[in-house]
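The tour goes stop by stop.

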Number of protein chains: 2
Amino acid sequence: MDYGKFFSADVPSFLRSPVREIFRKVDLQAICSFAGGYPAAVTFPLAEIPSLTARVLEKYGTKALQYGATQGVPELRQAIADRYGVPVSQVQITTSSQQGIDVCSRVFLNPGDVVLAHNPVYLGALQSFRAYRAEVVDIPLPLCGGAQTPEGMSLTSPPKFIYVIPDFNNPSGETMSLEERKALVRLAREMDVLIVEDSPYRELRYSGEQLPTIRELAPERTLHLGSFSKIFAPGFRLGWIIGPEELLEQIYVCKQCLDLCPPVLDQYLALEFLTSGALDRNLVKTIAEYRRRRDLMVGLLQKYMPAGVTWTYPEGGLFLWLTLPEGMDTVALYDEALARGVAYVAGSFFYTDGSHRNTMRLNFSFIEESKMEPGIQLLSSLISAGRLSN
Amino acid sequence: MDYGKFFSADVPSFLRSPVREIFRKVDLQAICSFAGGYPAAVTFPLAEIPSLTARVLEKYGTKALQYGATQGVPELRQAIADRYGVPVSQVQITTSSQQGIDVCSRVFLNPGDVVLAHNPVYLGALQSFRAYRAEVVDIPLPLCGGAQTPEGMSLTSPPKFIYVIPDFNNPSGETMSLEERKALVRLAREMDVLIVEDSPYRELRYSGEQLPTIRELAPERTLHLGSFSKIFAPGFRLGWIIGPEELLEQIYVCKQCLDLCPPVLDQYLALEFLTSGALDRNLVKTIAEYRRRRDLMVGLLQKYMPAGVTWTYPEGGLFLWLTLPEGMDTVALYDEALARGVAYVAGSFFYTDGSHRNTMRLNFSFIEESKMEPGIQLLSSLISAGRLSN
C-alpha cells in the first residue's frame, strides 16, 4: 500500500533528530558518549521518590490520578509564580519544555513565516520550526555593535519571534551578556516581534554572575520557557511557560487539543519536591557535581587536544562546543568515531545552513566520569591523526 | 500591546472545549455533574501506587527518571504488543490518546483537507481537526444499507481519513455492529483512505458481545488509538497507537518535536501495573462498578423522564445520549440548569454543523452515586416544565 499521498505537505519538512537517531541504535551506556543532553542520573532524587509519592497521595488522594486542568495543577502554577515573582495568571504548565517550543510554533507560525535565531540553534527548536515550514533566519550576535538593524537583515516577511537560549546555550554553552540581552530586547521592540526565551538550564550556573532573563527585560513580549528536566528529572516531562496572559490564553486553548493536560501525578510530585525545599537542596548538589564535571572536561581538553582546537568555557548548563581546524569534518567521520567507542553530535546539525562542519557539541553531564578521559583521548587522537578531516 | 498580528492563521479555528471551560469555572464535585468524561476515582488503584512505585524504582532505578525513547519505553511497547497480538514495531506510546489524535492530524492534515466522521463526534477530535483547518464531513451510519458510496458524498477534496470511535462512542454511547464495521472498511478501501480508530473505552464493556476492532478488519490502513486513562488512571497521560510501520515512522519523527518522549516513570508504572496482572484484576472491578452505574442511570431515566425523551443504552464506556422533544434547546438553558446545580454537555457541540440542539450527553462514571437521583430528577423537572425549550 502506498501511504505517500496521505501525508501532510509539512511531512517532508520533518527533521529527524540525529541525537535521537543515535539513541535508537546505540547503547550510550556502553560507550564514551558526549552526545545527548541527558542529566547525570546521580542528580535525580531517586531515594526520595517513594516518600514524595506517599506524601502526595496522602495530601491529594485520587485527585493526583484524575484528569487535571489544562493550564496545569493550580498549586504548581502558584508555586512557579511565587518562585519567579509573577502572577499565577501568567503561568502555563507544559508537558515538557519541548512542548513549550512546539506550542509556540503552533500558535504563531504558518508556512513561510520567519523565526530569528542565533546560530548554532537547539535542534529540537529547529525541528519544530521547520515542521511548520517556517524559515529560520540567523541573527548575528553580538547585537550591541549597532550594525544589527532590521534593515540589515534580508527578510522575506516580518519575523514572528526571536528564539534564544540566553543562559548556557544548547549547543554552544555560551551565555549572552547583559548588553547583548538589552540589545536583543531593543531589536525586538524596534521590529515589534515576540521573543521565545528557552531557559531549561538557567538554574545550573557554575560560575559568573546571574543576569536578568529576557522576560524580566521585556515582559510584554517574551514567552519564557522553563523546565523541570534539569532541576528534578526529565522522566517527568514537565515544563512551564511564563508570558503575557493574552498569549497564554491561545496557548491554553491549543493545549486542549495537544494532550488535554500535563501529567497530573508528576505535577504533584514536582510541587511537593519544590515546596518542601528538597528541590533547592538537591540543586546545590547538582550544581557542585556539574561544576566539577565541567572543570574536569575542560582540564582534559587542555591536556589532550592538539593545537588549533578551541572550545567554549560554559558558565553553566550541560554542553561545550569544540571547533576543529578549518577543513575538518565532524559529520563525515562520525561513524568511525562511533566504531571506536566515542559519540558526539556534529555541530553542523545546529546550523540553519548546515555549515560549520568542523565543530561538535560535547555534553559533560551524562558520561560516566571514568569514561571522560579515555573518551577525550580517543577524540583527540582521531583529530590529531586527521581522521576527522575530509 | 496588540498581539493579534502574531497569531498563526490557524488560531481563529481553535475551538474551546465547552467541557474544559465548565471545569475552569465550576467545582464539579459540588454539583450534580453529568458533564465531563472523568472516570470514577474509586476505579483508580490508589492504594497500589506506592508499592508499584517502589517496585519500578527497584527494577529500573534512575532509568525510570531519565529521558526515554521517543517511541516509548521498549518494555511497555512489548507489553502492549503482546496484549493486542501485534509486532512491537507497530506500537508507538503516546502522551495521552488525545496526543494520538493530534499527531495523526499533524502528520496527515493540511488546511482544506477532509476528515470523514459520523456525527455526533468526540469534541477533542473535532478541536484537533479544526485547529488544522480541516473540513470534517459527516459520514452517515448505517453504512451497510448500500446507499453510502463515495459518490454519495459531496467532497471538496479526497478525504485523508475516517475518524471513528466504534466501541461506546463518545458522546453517543453507541457501538457499531459488525456489519457497520465491515461496511466502513469496505468504504475506506473503495475510497482508499486511512481510518483513525479511537478506542479509549473498548475494554469497558458491560453487556453484549466484543466485536473485532476496525484495525483487525483493515490492519493495512488503520491507526488504532488506545488509552490507559480508563484502565489505569488519566493522570498518567498515556496512550498508544497501533498501526502500519510506515505511518508510525512519520508519527515517531513528529513526536520528537512534540515532547521528545512520553512520561517515563508513568510508563514504567503502567508496565508494572499491566504485566503484574493488577490491571486485569482492577478492570474486573471497574467494569462491575460502571455496569451498576449504567443500570442505575438508565433506571432513573425510565423512572423520571417525561414522555418524548429518549436515550441510548450503552453496552460500555462512560456516556449515554439523551434526545429531548424537537424544539427544546439544551444550549440556551444550560446556565439555568447549572444555577440549579446540574451540569451536562449540550449535544450540538458534538455536531459538525452545531445542529441537534435538543440533545445532551450524560456521563455516568464520575458523578457521586448519591447525586445521580437528585440530578436526574432536576433535569427531568426542567425538561417537563419546558424550561429547556427556546
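Where is the place of B:Pro171? Select B:Pro171: its place is in the loop between strand 5 (159–164) and helix 6 (178–191) of chain B. Helices (H or I, at least four residues) and strands (E, at least two) are DSSP runs, numbered from the N terminus.

Before moving on, some ground rules. This is a predicted model, in which local features need pLDDT of at least 70, side-chain atom pairs count only at pLDDT 80 or more, and totals for chains, interfaces and linings use all residues. Residues are numbered from 1 along each chain as its sequence is written, chains are lettered from A and ligands numbered from 1 in the order in which they are written, and side-chain values use heavy atoms, with hydrogens and water left out.

**Stop 1: the loop in chain B**

Stay on B:Pro171. The peptide bond that joins B:Asn170 to B:Pro171 is cis, with omega about 25°. Now pick B:Phe168, found in the loop between strand 5 and helix 6 of chain B. B:Phe168 is not a glycine, yet its phi is positive, about 60°. B:Phe168 counts as buried, at 1% relative accessibility. Buried means under 20% relative accessible area, exposed over 50%, and partly exposed in between (1.4 Å probe, protein chains only).

**Stop 2: past helix 6 in chain B**

Select B:Asp192, in the loop between helix 6 and strand 6 (194–198) of chain B. Its phi is near 55°, a positive value in a residue other than glycine. B:Asp192 counts as partly exposed, at 25% relative accessibility.

**Stop 3: helix 6 in chain A**

The peptide bond from A:Asn170 to A:Pro171 is cis, with omega near 20°. Next, select residues 178–191 of chain A, which form helix 6. Its 14 residues should span 20 Å at 1.5 Å a residue, and the end C-alpha atoms are 20 Å apart, which agrees. The expected span is 1.5 Å times one less than the number of residues. The buried residues of this helix include A:Leu184, A:Val185 and A:Leu187. Among the elements covering the buried residues are strand 3 (114–117) and helix 7 (214–217) of chain A. Just after the helix, A:Asp192 takes a positive phi of about 55°.

**Stop 4: two helices packed**

Show helix 3 (residues 74–84) and helix 9 (residues 264–275) of chain A. They pack at an angle of about 35°, with their axes 9 Å apart. Axes are lines fitted to C-alpha atoms, for helices over the stretch in contact, and angles run from 0 to 180 degrees between N-to-C directions. Contributors to the contact (heavy atoms within 4.5 Å) include A:Leu76 and A:Ile80 of helix 3 and A:Tyr268 and A:Leu271 of helix 9.

**Stop 5**

Select A:Asn282 in helix 10 (residues 278–304) of chain A. A:Asn282 is buried, with a relative accessible area of 8%. Leaving out residues up to four places away in sequence, A:Asn282 touches A:Thr43, A:Pro45 and A:Phe273. Then go to A:Ser380 in helix 12 (residues 369–384) of chain A. A:Ser380 counts as buried, at 4% relative accessibility.

**Stop 6: helix 8 in chain B**

Select residues 245–259 of chain B, which form helix 8. Here 12 of the 15 residues are buried, so helix 8 is largely enclosed by the rest of the structure. Just after helix 8, B:Leu260 takes a positive phi of about 65°.
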